[in-house]
Amino acid sequence: MKASKMTTNPETIEDISFNDFKAEVLKDYTIAVTSRECSLLGRREVLTGKAKFGIFGDGKEIPQLAWAKAFKNGDFRSGYYRDQTFMMAIGELTIEQFFAGLYAHTDINNDPMSAGRQMGGHFATHSLDENGNWNNLTKQKNSSADISPTAAQMPRLLGLAQASKIYKNVEGIDANNFSVNGNEVAWGTIGNASTSEGLFFETINAAGVLQVPMVISVWDDEYGISVHAKHQTTKENISEILKGFQRVKGTNGYEILRVKGWDYPNLIETYQKAGEIARKNHVPVLIHVNELTQPQGHSTSGSHERYKDAERLNWEAENDCNLKMREWIIANNFATKEELREIEKSIKKRVREGKKAAWSAYSNPIAQERSELISLLENLANTSANNVFITKLKNDLADIIEPIRKDNLSTARKALRYVISENSSEKTQLTNWINNYINTIQPKYSSHLHSHSNQSALQVTEVKPTYDADAKMVDARLVIRDNFDALFSKHPEVIIFGEDAGHIGDVNQGLEGMQEKYGKFRVSDTGIREATILGQGIGLSMRGLRPIAEIQYLDYLLYALQIISDDLATVHYRTHGRQKAPLIIRTRGHRLEGIWHSGSQMGGIINLVRGIHVLVPRNMTKAAGFYNTLLESDEPALVVECLNGYRLKEKMPNNIGAFKTPLGVVETVKEGSDITLVSYGSTLNIVAQVAKELIEVGIDAEVIDVQSLLPFDLNHDIVKSVEKTNRLIVIDEDVPGGASAYILNEILNTQNAYQFLDSKPLTLTAKSHRPAYGTDGDYFSKPSHEDIFETVYQVMHEVNPNDYPKLR
Ligand SMILES: Cc1ncc(C[n+]2csc(CCOP(=O)(O)OP(=O)(O)O)c2C)c(N)n1
Ligand SMILES: [Mg+2]
């Protein structure tokens, strides 16, 4: 059935198909009008204070209907906040759910997008059941969870599309839940202004190189909030300037299509074509959808009358896509004006009812909680000397027309202060109510930062490396290489990619020979594009593969840090555990040479990526053990190998691929009684060396390797050491106040080590500047042997100047 034919010659189509088509058109129109009505009422809910913020899909309805028709089971969306009509059209967003999201309903059954964690307009489907097990993604329409940073949906889109390519070309993977011969398309959407972002261009180029089944729609309404296209896009036309990407005979590249956003039949045809090209040929497609509008302006935060002139506002009113579809329906005799009016009237009613139902579902439990509290406060007031004050608090709470949980809990906690020196069963009841309320309500906002499943990385048990009696000392890179070899052969779904990771087997030869052995789809080179390397990893892992994304040096992780922080680290949390991206990021860092090959910006990293594990092994055996652990788990992690460790000698274990380094467990590498030295990574190895030298001056230091910054020392072993030595120095090569401050806080605050200290706890760090080049640059920038020795000695000198006379 060709929609465009219907426009010109409806009478030539047989009655039955005309009627079918008519029904479909009216069903589509119903969705478009329902979606619009939700946008209009949604804005009102914000302006009247029932919801905090609204950003809606009005003005973008019609192309999304066409897109939904081309979207098949198993396909994935990676889009942004304008896509509500699409979500409704694929059956993944009801009116009630739309409003539940707007109100921030914390029950995942009411707001399946995020259980109230995300602003409305941020969409998702459930890839996992409530226990964290995969659903069959090939039998449902999938939407990866949206995030707010503009264009940040693009890197992930690349990986979602590439997964089809992997499933098509790599044998032996159990694809049951994930793919049918790699026939799935990943569909992206982005606003015209957001195409100004580097992430957009990086993704476009990478997808052209990789030739993956990806269709990107640009919703072009000429504006990005108040900023017109003339400030955003060269020639004010994204498809025009991307023309060089158009494939021609004998080249790779894109199919680039352009269509007007109100032209329903042409949109249908365009989306069908785009889907076929991407699905069959694994060629990326860009659809530039222009002449779209924003009937209510950008969001509830402002009004577009401030920046659009009368001419533009008139144009938008006349070219509203829903209005144009309505005119088209009438012109083509699919329905009369009266019939449409009837449909519209009943939709208005239906949306009002849905909104009301969503509001009741959201507000009733809170009102119920308030009633309970009010009766407790009444009882408390009756028995308290501060009756007047408690009654006032209670009355103020009762007067709130639309109470939220904050009102309840804040009132209860304030009331407790009035009975601080009283004793009564009413006080006990209130205390219990508060504790119980916090225990049940807090998880609604804080759960699912990490996996709750039985594959949580914390559930993986340690397996120590074992050695033959005559085990050889080898270059450490061989330990890591042989371990990857074992992992690739054990897990067909493991793939690794990065700059120089393929042909030469990474810059340190940790993947030597792996591409030859496992093929170019599993061990591959990428362009220099850290953010989309990360995005590939996120998307691939969301579709059941186990990618290892290699970032060549820790210093260049910064290019990808935004996407790690905004997307990867929040996936599980922002979907209330209904999506996961168990990506392993492999990189190498710490001290070597110069400003950009010696960085150890661990403080910056750990503070930006809560939600993923950050592991800092001191050698390659430890690193390999972390990879082995992570592949048994369903969680994302960053592993920082020691850049100066590949040529050091390590003993080759005989259980390669099987030993596992546990997460969140420290290792005491030298026992001692005088002082506890805590470190990690390359610097740990120096600290261990210095500890031996300290014995010569009578200082017996205990050296602890943190190994795992996130999670940190879950067994609280470090405090046990401090309890014994009463002294503590944290040593690392990050800047002052960086990871060492985090470690110190964990030990003093979380583990309460302050009570065992007899000397001031210290941190010894690098200088505040970047490390200078050369051996002297390292010596004068990062903690040296002598710095560490003297700092420890000075502490002992202060304790006992007789035994430890002043050194300098
Ligand atoms: C990285 C980043 N910068 C700024 C913003 C604030 N912001 C949100 S939407 C938006 C405009 C986006 O315009 P466009 O891509 O054309 O999408 P439209 O809203 O017009 O559909 C901006 C600047 C953001 N969310 N993320
Ligand atoms: Mg725009």
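Mentor: Remember that this is a predicted model. We start with R77, which is found in strand β1, residues 76-78.

Trainee: Why is R77 called buried?
Mentor: Buried means under 20% relative accessible area. R77 has 0%, so R77 is buried.

Trainee: What makes the pair R77 and D146 a polar contact?
Mentor: The cut-off for a pair of N or O atoms is 3.5 Å. The side chains of R77 and D146 are at 2.8 Å, so the pair passes.

Trainee: Which residues is R77 in contact with, leaving aside neighbours within four places in sequence?
Mentor: Among them are W67, F71, D83, F86, M87 and F123. The list also includes N142, S143, S144, D146, L160 and W187.

Trainee: W67 is one of those contacts. Where else does W67 turn up?
Mentor: Among the buried residues of helix α3. E61, I62, P63, Q64 and L65 are also on that list, and so are A66, A68 and A70.

Trainee: What makes helix α3 largely enclosed by the rest of the structure?
Mentor: Count the residues. Nine of the 10 residues in 61-70 are buried, so helix α3 is largely enclosed.

Trainee: Now the ligands. How many residues surround ligand 1?
Mentor: There are 18. The closest are Y80, Y81, R82, S194 and Y223.

Trainee: What kinds of residue make up the shell around ligand 1?
Mentor: By class, six are nonpolar, eight are polar and four are charged.

Trainee: How do you know that S194 makes a polar contact with ligand 1?
Mentor: Look at the distance. An N or O atom in the side chain of S194 is 2.5 Å from an oxygen atom of ligand 1. The limit is 3.5 Å, so the pair counts.

Trainee: Which backbone atoms are placed like that around ligand 1?
Mentor: A backbone N or O atom of A193 lies 2.9 Å from an oxygen atom of ligand 1. A polar backbone atom of S148 is 3.1 Å from a nitrogen atom of ligand 1.

Trainee: How much of ligand 1 does the protein bury?
Mentor: Taken alone, ligand 1 exposes 580 Å². The protein buries 72% of that.

Trainee: Are N192 and D221 buried or exposed?
Mentor: N192 is at 5%, and D221 is at 3%. Both values are under 20%, so both residues are buried.

Trainee: How do you know that T775 is exposed?
Mentor: Exposed means over 50%. T775 has 63% relative accessibility, so T775 counts as exposed. T775 lies in helix α27, residues 774-781.

Trainee: And what makes V571 buried?
Mentor: The relative accessible area of V571 is 1%, and the limit is under 20%, so V571 is buried. V571 lies in helix α21, residues 571-574. Not counting residues up to four places away, V571 touches M542, Q579, K580 and A581.

Trainee: Where do Q211 and Q707 lie?
Mentor: Q211 lies in the loop between α7 and β4. Q707 lies in the loop between β19 (701-705) and β20.

Trainee: Why is Q211 called buried at 14%?
Mentor: The cut-off is under 20%, so 14% counts as buried. Q707, at 2%, is buried by that rule too.

Terms used
Residues are numbered from 1 along each chain as its sequence is written. Chains are lettered from A and ligands numbered from 1 in the order in which they are written. This is a predicted model: local features need pLDDT of at least 70, side-chain atom pairs count only at pLDDT 80 or more; totals for chains, interfaces and linings use all residues. Side-chain values use heavy atoms; hydrogens and water are left out. A residue is near a molecule or strand if one of its heavy atoms lies within 4 Å of it. A polar contact is a pair of N or O atoms within 3.5 Å; within protein, one must be able to donate a hydrogen and the other to accept it, and residues adjacent in sequence count only if both atoms are side-chain atoms. Accessible areas come from the Shrake-Rupley method with a 1.4 Å probe; for residues, only the protein chains shown count as cover. Ala, Val, Leu, Ile, Met, Phe, Trp, Tyr, Cys and Pro count as nonpolar, Asp, Glu, Lys and Arg as charged, and the others, Gly among them, as polar. Buried means under 20% relative accessible area, exposed over 50%, partly exposed in between (1.4 Å probe, protein chains only). Helices (H or I, at least four residues) and strands (E, at least two) are DSSP runs, numbered from the N terminus. Contact means heavy atoms within 4.5 Å.
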